[in-house]
Amino acid sequence: TLGTQTDYRDGEAQTDPYSPEYVVPSASVPELLTLATLTWGRGLPAGLTEVEMIERAREKRAWEATLPAMDNASQIAKRRKMMDDMERKEWAFREQEIEKLQEVRLEVLKKLLRRREKNQNELDAKRLDDHWQKLQKAKEEKIKKIQHDCALMLRKLIAKRKNVMGKLERRDIIKEYTDFASQTYAPLSRIGYFPDNHSERYVVKNFYLNTFAGLCELEASLPDSVTQVKIKAPKPKYTTTKTGYIKRSARLEVELAQVHQALLEKKNKVKEPKKPLRFLEKVEKPVPRPPTPILEKPSIEEEETELAVICLQKLLRGRAIQNMMFEGKEKRLELIQELRTTHALQEDGQLLLKAEEQMTLALQKQHDLQMHKLSSVENHLAREEGRVLANIFDFLSKELVRLQEERKIHAFVMLAERQRRMREAEESGRRQVEERLRQEEDEIFRQAREGDCTIDSYLEDIILSSMENTAEEQAREEIQRMAVEINDIAYEMESRRTRLQSEEIVAELVYDFLIPEAEKMSIREKVRQSQRKHLYTAHQIIHRGVE
């Protein structure tokens, strides 16, 4: 009656508001009963729509009250006309409601379409961004590969241009030792030096981990707390307080266990098939309730008399109980005095008990202090042992990781060595091809020198031959193009030319083609003769120098 405490919020335990029973007097229809269809959550608490509905119901009742009675034909016609008007108004109102509902649905549909379009646009933008990122990454990788190949080819060309003539150079020991990228500091394996040989000499060897004696010594150096594990029994979990009440966490655990068990039973419950009825069952009707008795209302004088009698009865009963208690006290007066004397004698015993209780509490407090000191010392020792073990395990784990990384690096070095050897084989093949081409060029150059031809005459012959070949190819292409054009023009002209025009064409061909060609041939012959003179004089000068 004073208050309650719960683990749940009031909103979670709230039910529908209480609706008391009511009795409607006869010949009365209260307006409140017209709202009996409205319940909590379905119309209550009333909003703008419910208020409008109530106003329309009032207007309709007022209109029904104004309807004329059905006494004669004129009143019936008037009543029918008013009902038709009201029906039209109701239909118009219903159409307005339908339009409002359609507008609300249309807005909801538009909102859903906008949301879908927005999600689709975001998805398309994300796909385009992913595709662009992929293309950008591929482009960067391609550019990086091209730059790497360009740098590699440039280094190769620079290395080739350092010694074009293939002259032998003497070894410069001082330069090799000053340059840390020389063969002295970083020799190549193709020369005959393999840096991976004897790599086991760099492996870290630990006496305490690789030998049995070292392991025994390491185990002997460890404290007993590492090898002999102490197991402490877990303390029981108390679910009640010192005053005897159940803790809230324990109560929640019990409730959760009950809910879990109910869910499991509901999940594993097998539905029993419904059995068909073998016999018809008789449904007994409930016994009708007896009529409510009605008491007659007493008069005011009778009520006052009854209250006075009740008050007099209370006074008499109280006085009788008081007299009984006084008589009992007088009868047992000696016993009461004896109890008082014995209670006075027991005060000394109570003082002794209090002294013993205080001594016991002091001893218990001292014992708790000693236990606290012992537990603190044990905690410090356990912390130090844990720190030492953590350092040892950390060192061992780091050594293991270092060995694994060393093995990985060794594997990578072996793979790199294999790739380098394959590349050296490819480079040796290319070098052999280049050497073969160089030998052929040297042989050609040697044969040219043996034929008493100077470098100038040899280059001049090569240039003249290339010029002649180029001029001949260009002239052939030009002649073919011009021949095609001339053939087209000639075919067109032949279709509409006369004899006089044919003779003019022949004359122009002779004048424009044969005569210039003859002049070109004569000029070419003169140039060749002049070149022969120069070649002859050059040969004579060379022979004289040789003699």
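Tutor: Arg-402 forms a salt bridge with Glu-399, and the closest N and O atoms of this pair are 3.3 Å apart in what is a predicted model. Both Arg-402 and Glu-399 belong to helix H9, where they sit three residues apart, about one turn of the helix. Arg-402 counts as partly exposed because its relative accessibility is 30%, and Glu-399, at 22%, is likewise partly exposed.

Helix H9, which spans 333-450, also holds the pair Arg-420 and Glu-424, whose positions four residues apart separate them by about one helical turn. Arg-420 and Glu-424 form a salt bridge in which the closest N and O atoms are 2.3 Å apart. Arg-420 is partly exposed, with a relative accessible area of 23%, whereas Glu-424 has a relative accessibility of 17% and therefore counts as buried, the cut-off for buried being under 20%.

In helix H10 (residues 455-494), Glu-485 and Arg-481 lie four residues apart, again about one turn of the helix. Salt bridges that share partners also join Glu-417, Arg-420, Arg-421 and Glu-424 into one network. Returning to Glu-485, its salt bridge with Arg-481 has its closest N and O atoms 3.2 Å apart; Glu-485 is partly exposed at 39% relative accessible area, and Arg-481 is partly exposed at 40% relative accessibility. Under the distance rule, within 4 Å, the count comes to 20 salt bridges.

Definitions and conventions: Residues numbered from 1 in each chain as written. Predicted model: local features only at pLDDT ≥ 70, side-chain atom pairs only at ≥ 80, totals over all residues. Heavy atoms only, no water. Helix = DSSP H or I, 4+ residues; strand = E, 2+ residues; numbered from the N terminus. Salt bridge = Lys/Arg side-chain N within 4 Å of Asp/Glu carboxyl O. Buried < 20%, exposed > 50% of the residue type's maximum accessible area, 1.4 Å probe, protein only.
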